[in-house]
Amino acid sequence: MQPRIPRQSTTEHGANRVDSDARLTAELAAVVAGARRRALRDGDRQIDTAHLLHTLLESDPEVRAVFEGDSPQVARLLGYLVQRSIGYGLRWQGSVEDSGALPVLPGAAGTAVGWSPVAAGALEEACERAARRGDPRARGVDLLAAIVGDPESRAVEVLGRGGVDAGELVARLRQAESTVVGWEEYVWGTDGG
């Protein structure tokens, strides 16, 4: 009997590491698993930053708080993200989210075989942000900060369509995390990025 959900290639560079990565909080690991399920259900080739943003907004109260709580902004964003599988994101199907910074990972069409280069980079950056802060595990806000750091990501496109300025969101993230001792210095760096 064939499994209903296609299996992921274990040979793909970094594709499966994030699923069992001990560097993620339990909450962020659940977000990663949710993004994978969403990509498979939608028939997308790879898990991208829009999948991650969707799951973060649905399941992480700390991330929603950065969007000024449960404001209409969050509802509008979730509305755009829900439309992804019924029209809005159809132009993304069969294509790979790529900002040009990393090589595109090969994969079979029609199955979520791994992570888009941008999403994989964002997950790695989230873990690095947590490590610079001295935290052994990345949180949802770490991932959100990494996602909005790439202006070419699909998540940033969704944010723009939802009326969210990515630059303002970065400022809110900095303000929300400024209560953590050393956050600015270790996570955002001395050059502010």
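Visitor: As H2 passes H4, is the crossing left-handed or right-handed?
Guide: H2 passes H4 in a left-handed crossing (the near helix is turned anticlockwise from the far one by less than a right angle; clockwise would be right-handed). Please note that this is a predicted model, in which local features need pLDDT of at least 70 and side-chain atom pairs count only at pLDDT 80 or more, while totals for chains, interfaces and linings use all residues. Residues are numbered from 1 along each chain as its sequence is written, and side-chain values use heavy atoms, with hydrogens and water left out.

Visitor: At what angle do H2 and H4 cross?
Guide: Their axes cross at roughly 135 degrees and come within 10 Å (axes are lines fitted to C-alpha atoms, for helices over the stretch in contact, and angles run from 0 to 180 degrees between N-to-C directions). That makes H2 oblique to H4 (under 35 degrees is roughly parallel, over 145 roughly antiparallel, 65 to 115 roughly perpendicular, and the rest oblique).

Visitor: Which residues make the contact?
Guide: H2 contributes Ala 50, Leu 53, His 54, Leu 57 and Glu 58, and H4 contributes Val 74, Leu 77, Leu 78, Leu 81 and Val 82 (contact means heavy atoms within 4.5 Å).

Visitor: How many residues of H2 are buried?
Guide: Nine of its 11 residues are buried, so H2 is largely enclosed by the rest of the structure (buried means under 20% relative accessible area, exposed over 50%, and partly exposed in between, with a 1.4 Å probe and protein chains only). Among the buried residues of H2 are His 51, Leu 52 and Thr 55. The buried residues of H2 pack against H1, H3, H4, H5, H6 and H7.

Visitor: New topic: how many helices and strands are there?
Guide: The protein has nine helices and zero strands (helices are DSSP runs of H or I with at least four residues, strands are runs of E with at least two, and both are numbered from the N terminus). Buried residues make up 48% of the 193 residues in the protein.

Visitor: And how many residues are in the largest nonpolar core?
Guide: That core has 40 residues, and Phe 67, Leu 143 and Leu 144 have the most contacts inside it (a nonpolar core is a set of buried Ala, Val, Leu, Ile, Met, Phe, Trp, Tyr and Cys residues joined through side-chain atoms within 4.5 Å). H6 gives the most to this core, with seven residues.

Visitor: What does Leu 143 touch?
Guide: Leaving aside residues up to four places away in sequence, Leu 143 touches Leu 28, Leu 52, Leu 56, Ala 122, Leu 123 and Ala 126.

Visitor: How do H6 and H8 pack?
Guide: They pack at an angle of about 150 degrees, with their axes 10 Å apart. H6 and H8 are therefore roughly antiparallel to each other, and their crossing is left-handed. The residues in contact include Val 141 and Ala 145 of H6, and Leu 169 and Leu 173 of H8.

Visitor: Lastly, which helices do the buried residues of H7 pack against?
Guide: They pack against H2, H4, H6 and H8; Val 156 and Leu 159 are among these buried residues. Just after H7, Gly 163 takes a positive phi of about 85 degrees.
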